[in-house]
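Take a look at the fold shown here.

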Amino acid sequence: MPPTSARPPLSSLAPPSASPMARPDFTWGVATASYQIEGAIAEDGRLPSIWDTFSAVPGKVLNGDTGEVACDHYHRWESDVDLIASLGVDAYRLSIAWPRVMNEQGKPNRAGLDFYKRLLDRLESKGLQRFVTLYHWDLPQHLEDRGGWLNRDTAYRFAEYADLMSRELTGQVSAWATLNEPWCSAFLGYGNGHHAPGLVDGRYATQAMHHLLLGHGLALPILQANDPGAKRGIVANIGRGGTDRDTPEDRDAAHLFETQHNAWVLGPLLKGEYPKDLFRLWPGTEPLVLPGDMGIISRPIDYLGINYYFRSNLRSDGAHGFVDVPLDGVERTQMGWEVYPQGLQDLLIGFKAEYARLPPIYITENGMASDDQVANGTVDDTQRIAFLNRHFAAVAGAIEAGVDVRGYFVWSLMDNYEWSFGYERRFGIVHVDYATQQRTPKNSAKALQAFLNARKAG
Ligand code: FCB
């Protein structure tokens, strides 16, 4: 007799069966973002965004890829919604392209708005919850021309945009997220220049972060007033910092990494203060904070979205900072990121201890890139299935330890424009052939579908 095992077969995808994640009230979803899938960058009055500008600069994006066509979702949204529904998920996380829906004078662009109204209607008609992010990095270029997130006024313009959207889309949204990953907007956009608008200055990064978070806080009461039936939150990326050296300096390096990645965002949101150690790491970069700002930023939220991907190995740089020293012999993804599910569990449990005001959590992104090919109509993405199973187990472990996690969204529904890595990195559970726009569900999508259908049946 072969040994019996409680573990699911390799090709199946499911959280531990006893976990609340297997229950009907846990929200399962897939996620995308506007610039990464829509294309149609000059259609129906859409204005240029900072990513159109940035991706046109030679050398900024791998292979010179841009979001001009992407997954052509702007034209294929109906069949894409059918695809999402066919997976059996409860929810879809999408973002709205700010430059599509508002003109330079702050007036609505009807054609752009109608696109989202039709999309949200169709999602609702399929029984899908709509998790809508207002800002997933595609800032209108005309605002960047006035300083972008370095200009305090952009926070107020963001609040006007949130006002317009929540008036126009009242009742069509299940959960609003103000910002996706302000860390990336601030640090990659203004600190190291890897993302649009491509500026490089540590003081810019902290000031941009402050204005992003201020915009978030200003938007919250507006969303509440205009659309009281929807949840309101924000999405933060979190990183696990570890060290392979057991010295106080190296442990401090790992702590500083987590301060810079996690506490820089969660501190202001959940404690109303920037972590002091951030300015030990980056002396002299304190942003200009006006009286009242921290109270606005730390207004209560209904949920916190968490995006988790990997762990970094840190060592002290011998001064006041850290260096990233990649570990040998660990499993990595097509991005080169270490596969480390335990990091998600440890961070969630740590946040519960650290933040008395930690709201309910949704894992709004988790997933991995692999160099997937279609062969005989199928895509064998075994590594992704294992990756997801292990991260489901990590979330289940956090829930068991008392963390209130209510949902999990796979990044991503389909392969798409992976920012400065262009189309080469494939994060989808559905494969996209960019020459034909053919969508082919990978084995991970089929496995997820099988689990979700079984859950609904049982
Ligand atoms: C996150 C982004 C998302 C996607 C994944 C891989 O940082 O929010 O758009 O690029 O990484």
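Predicted model: local features only at pLDDT ≥ 70, side-chain atom pairs only at ≥ 80, totals over all residues.

Residues are numbered from 1 along each chain as its sequence is written, and side-chain values use heavy atoms, with hydrogens and water left out.

Start with the whole chain. It holds 15 helices and 11 strands. Both are DSSP runs numbered from the N terminus: helices are H or I with at least four residues, strands are E with at least two. The radius of gyration is 21 Å, close to the 23 Å that the globule rule gives for 458 residues, so the chain is as compact as a globular protein of that length. That radius is taken over C-alpha atoms, and the rule is 2.2 Å times the number of residues to the power 0.38. Along its principal axes, the C-alpha trace spans about 70 × 60 × 45 Å.

How much of the chain is buried? Of its 458 residues, 59% count as buried. Buried means under 20% relative accessible area, exposed means over 50%, and partly exposed lies in between (1.4 Å probe, protein chains only). Now consider contacts, meaning heavy atoms within 4.5 Å. Among contacts between residues at least 6 apart in sequence, 77% join residues at least 24 apart.

Helix α7 covers residues 153-168. At 1.5 Å a residue, its 16 residues should span 22 Å, and its end C-alpha atoms are 23 Å apart, which agrees. The expected span is 1.5 Å times one less than the number of residues. Buried residues in α7 include F158, Y161, L164 and M165. The buried residues of α7 pack against α4, α5, β3, α6, β4 and α9.

Helix α13 covers residues 341-354. Its 14 residues should span 20 Å, and the end C-alpha atoms are 20 Å apart, which agrees. Among its buried residues are L344, L347, L348 and F351. An α-helix has 3.6 residues a turn, so residues three or four places apart point the same way. The partners of the buried residues of α13 are β5, α10, β6, β8, α14 and β9.

Now for the backbone. Most residues other than glycine have a negative phi, and most peptide bonds are trans. Which bonds are cis here? One joins A196 and P197, with omega about 5°. P197 sits in the loop between α8 and α9. Another runs from W411 to S412, with omega near 10°. S412 is in the loop between β9 and β10.

Positive phi turns up too. N63 has a phi of about 60° although it is not a glycine. N63 lies in the loop between α2 and α3 and is exposed, with a relative accessible area of 59%. E181 is not a glycine either, and its phi is about 45°. E181 lies in the loop between β4 and α8. Is E181 buried or exposed? At 6% relative accessibility, E181 counts as buried.

End at Q438, in strand β11. Q438 counts as partly exposed, at 47% relative accessibility. Leaving aside neighbours within four places in sequence, Q438 is in contact with H431, V432 and D433. Q438 and A263 are 175 residues apart in sequence and 41 Å apart in space, C-alpha to C-alpha.
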